[in-house]
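Thanks for asking me to look this over. Below are my notes, as numbered points to read beside the coordinates.

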Amino acid sequence: MSVVDPADLPEETPETRALLMARVRQMIATADPWFRVLGLGWITPLWRLISEDDPRPHLADLWRMAVVPMLSIAAFLVLWASTAPLVQTSLGAIPGPAQVWTQVQVLHQSALDEGVKREAFYADQAAKNAELVAAGKPDQVKNFSYTGKPTYYRQILTSIQTVFTGFLLATLVAVPLGILAGLSPTASAALNPLVQIFKPVSPLAWLPIVTMVVTALASAEGGLPKSFIISAVTVTLCSLWPTLINTSLGVASIDKDLVNVSKVLKLGTWTKITRLVLPSALPLIFTGLRLSLGVGWMVLIAAEMLAQNPGLGKFVWDEFQNGSEDSLARIMVAVLTIGIIGFLLDRVMFALQQAFTFSANR
């Protein structure tokens with residue numbers, strides 16, 4: 001391998017440095033919108049602070065976007081750690097950040113241990129089946145599913161699957177109805193009373209009705225678990241209203257000149273909707289979708305508690321019923337997990353909104 005002599009490298013001139021800095025600034029400007037979408041807007045002023053000759057103009061942005069949030073989180077943790085021991089419950093003092101972090105590690109280790117047990121179960125089953133086949137008894141081969149306790153990560157995944165199922169069903173119902181209500185004053189007048197009546201209904205009121213209907217209609221064998229269906233349908237019923245309302249508003253707010261142009265061009269209904277209505281209404285539709293997903297995530301926890309769907313809601317309920325000395329800390333782990341996942345879900349929808357719409361108004 002040859003070694004490059006530093007003397008052979010081209011010398012840095014003011015022109016090359018200016019060109020390099022221009023490229024860096026272009027990269028920063030290109031990446032900045034996506035940093036903001038991901039909630040990482042503080043990276044841009046930090047990058048500029050490091051790469052530019054005069055960092056002073058970016059100090060204020062870095063302070064506002066990075067330092068202030070970090071100080072806020074630090075102050076919250078200090079306040080939590082100092083006041084938690086002062087509140088005594090039937091299970092002892094409210095756990096502080098250290099106790100909660102300990103339970104995070106315990107839950108993580110428990111998930112790893114459960115994974116080892118699962119692998120050992122399937123390896124042992126495969127070995128026994130191989131012995132039966134070798135002994136000429138293939139008819140006695142049996143394959144069982146591992147039925148161990150669901151891990152914390154599995155419960156998180158179940159909750160995310162449930163909320164996206166309910167959210168998808170809500171979207172498939174709300175967007176077409178919203179387009180219809182936005183295009184037709186008659187349809188809007190027909191749907192508005194139903195929206196106003198059912199929008200405030202709590203998931204706790206829907207849940208008994210949904211449970212009875214699903215129990216009556218769902219097959220007893222095969223298919224999705226009834227608890228999953230109950231939770232998903234409850235999410236659907238509670239989360240479709242923001243999307244329906246915002247879609248209707250977005251469609252009704254389309255520029256009248258565009259509507260007149262579609263009439264002059266004699267566009268068909270489907271062409272009008274796909275080429276004119278949807279592109280113009282997408283910003284408000286995505287606003288409704290973001291609100292619906294947030295509502296659905298909140299509703300899901302209560303639905304899982306009562307439907308006993310094996311997700312985060314059931315985890316919280318089981319820990320509350322357990323009443324051990326670690327239960328409060330584990331419940332707080334779940335609360336923080338719910339909040340973080342809710343933030344990430346909103347970032348995902350915001351990223352999709354930025355990718356598919358052209359409006360600067362968010």
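1. In this predicted model, the largest pocket has a lining of 19 residues. Among the contributors, α4 provides the largest share, with five residues. How many of the lining residues are nonpolar, polar and charged? By class, the pocket lining has eight nonpolar, seven polar and four charged residues.

2. Now to the packing. The largest nonpolar core holds 44 residues, and within it Y152, W297 and L312 touch the most other members. Helices α4, α5, α7 (203-217), α8, α10, α11 and α12 each supply at least two residues of this core. The most comes from α10, which gives 14 residues.

3. Setting aside residues up to four places away in sequence, W297 touches S159, I160, V163, L312, I338, I341, G342 and L345. There is also a second, separate core of six residues, with A170, A174, V195 and L240 among them.

4. Is S292 buried or exposed? This serine belongs to helix α10, which spans residues 269-307. S292 has a relative accessible area of 2%, and because buried means under 20%, it counts as buried. Beyond its neighbours within four places in sequence, S292 is in contact with F167, S239, L240, P242 and T243. One of these contacts, L240, is also a member of the second core.

5. On charges, the structure holds five salt bridges. One of them joins the side chains of R290 and D346, at 3.2 Å from N to O. This pair links distant parts of the chain, with R290 in helix α10 and D346 in helix α12 (residues 327-356), 56 residues apart. The two partners fall into separate accessibility classes: R290, at 19% relative accessibility, counts as buried, whereas D346, at 24%, counts as partly exposed.

6. A second salt bridge to check is the one between the side chains of K314 and D318, at 2.8 Å from N to O. Why are K314 and D318 about one helical turn apart? They are separated by about one helical turn because they sit four residues apart in helix α11 (residues 312-322). D318 is partly exposed, with a relative accessible area of 29%.

7. The side chains of E319 and R330 also meet in a salt bridge, at 3.7 Å from N to O. Here the link runs between helices: E319 is in α11 and R330 is in α12, 11 residues apart, and the pair connects distant parts of the chain. Both E319 and R330 are buried. Elsewhere, salt bridges that share partners join R290, D346 and R347 into one network.

Notes
Residues numbered from 1 in each chain as written. Predicted model: local features only at pLDDT ≥ 70, side-chain atom pairs only at ≥ 80, totals over all residues. Heavy atoms only, no water. 1 Å grid on protein atoms, 1.4 Å probe; cavity = no way out; pocket = protein on both sides within 12 Å on 5 of 7 lines; lining within 4 Å. Nonpolar A, V, L, I, M, F, W, Y, C, P; charged D, E, K, R; others polar. Buried < 20%, exposed > 50% of the residue type's maximum accessible area, 1.4 Å probe, protein only. Contact = heavy atoms within 4.5 Å. Salt bridge = Lys/Arg side-chain N within 4 Å of Asp/Glu carboxyl O. Core = buried A, V, L, I, M, F, W, Y, C linked by side-chain atoms within 4.5 Å.
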